[in-house]
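Hi there,

Here is the model I promised to pass on, with my notes below it.

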Amino acid sequence: MELQTLLNNLYGVEQLEGCASQEIAAVKEIFGALPAAVEDFWRMAGHTKRLKYVQDDWIFPADYQKWSWPGESEHLILLHENQGCCQAVVRREDLTLPDPPVYIRTGEDGSLLCAAPAFSEFLQAALLYEAVWQLDHCSEEFFWLSDEELTVVQAKLFRLPAVLRNWFDMEVAFFQNRPDNLVAVMDTGGEYQTLYGAVSEAGYAALLEVMEGLGEPV
């Protein structure tokens, strides 16, 4: 799914706002190099206001200028969990790669777990994950799905190729049956928690044809 299409369908963003070259150059000066895929994302959408009002905090070039702590990190920080429990990062030694792997840094020891083998894959998954929290028409609570109920979801909805791994020790998969709706299924080690919603009433109604009655409230 193209970035513009995803942001239009699930965030209602019709016009992206990007970073200026000098802003990106300032971050490159801090780290010595930046992956081309990260630069492309920032140049295309790094000032898109809608991305600043999601569950967690995207770290853009303006944030590197506003705060000192991202630049003091051993890694390029991409996404900061809202309570500081974990961060999505690129290792310094990978910054010369065009589309490097992204890791989740968590715990007091700063251990790294792979979120995606390439930034482009992480970006798709992270944007989907952040979208499901802010959809206008949504389930009011999380639900636990049984194995049988998960099979229903997998059979009746289209699974998107993006997967977010190791965010809060979860593997998150995404499903939909219209471009403007979304189901996130969070595998927490063999237990399945779901959150879902849609941009429009029609999109939510289409989702409820499958999801209504599935799961136990968390």
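This is a predicted model: local features need pLDDT of at least 70, side-chain atom pairs count only at pLDDT 80 or more; totals for chains, interfaces and linings use all residues.

Leu195 has 8% relative accessibility and therefore counts as buried (buried means under 20% relative accessible area, exposed over 50%, partly exposed in between, with a 1.4 Å probe and protein chains only). Its place is in strand E11, residues 192-198; helices (H or I, at least four residues) and strands (E, at least two) are DSSP runs, numbered from the N terminus. Setting aside neighbours within four places in sequence, Leu195 is in contact with Val132, Trp133, Ser139, Glu141, Phe142, Leu182, Val183, Ala184 and Met186, where contact means heavy atoms within 4.5 Å.

Residues are numbered from 1 along each chain as its sequence is written, and side-chain values use heavy atoms, with hydrogens and water left out.

Now to strand E8, which holds Trp167. At 0% relative accessibility, Trp167 counts as buried. Apart from neighbours within four places in sequence, Trp167 touches Asp56, Leu79, His80, Glu81, Cys86, Gln87, Ala88, Ile104 and Tyr129.

Most residues other than glycine have a negative phi. Phe168, in the loop between strand E8 (158-167) and strand E9 (170-176), has a positive phi near 55°. Asp169 lies in that loop between E8 and E9, and its phi is positive too, near 60°. Phe168 is partly exposed, because its relative accessibility is 39%, whereas Asp169 counts as exposed at 58%.

Another loop, between strand E2 (75-80) and strand E3 (86-91), contains Gly84. Gly84 is partly exposed at 42% relative accessibility. C-alpha to C-alpha, Gly84 and Asp56 are 9.3 Å apart, with 28 residues of separation in sequence.

Which way do helices H1 and H5 run relative to each other? H1 (residues 3-11) and H5 (residues 119-132) pack at about 10°, with axes 11 Å apart, so they are roughly parallel. Axes here are lines fitted to C-alpha atoms, for helices over the stretch in contact, and angles run from 0 to 180 degrees between N-to-C directions; under 35 degrees counts as roughly parallel, over 145 as roughly antiparallel, 65 to 115 as roughly perpendicular and the rest as oblique. On the H1 side the contact is made by Leu3, Leu6, Leu7, Leu10 and Tyr11, and on the H5 side by Gln124, Leu127, Leu128, Glu130 and Ala131.

Finally, the overall picture. The chain has 7 helices and 12 strands, and its C-alpha trace spans about 55 × 40 × 25 Å along the principal axes. Buried residues make up 50% of the 218 residues. Of the contacts with a separation of 6 or more, 54% are between residues 24 or more positions apart.
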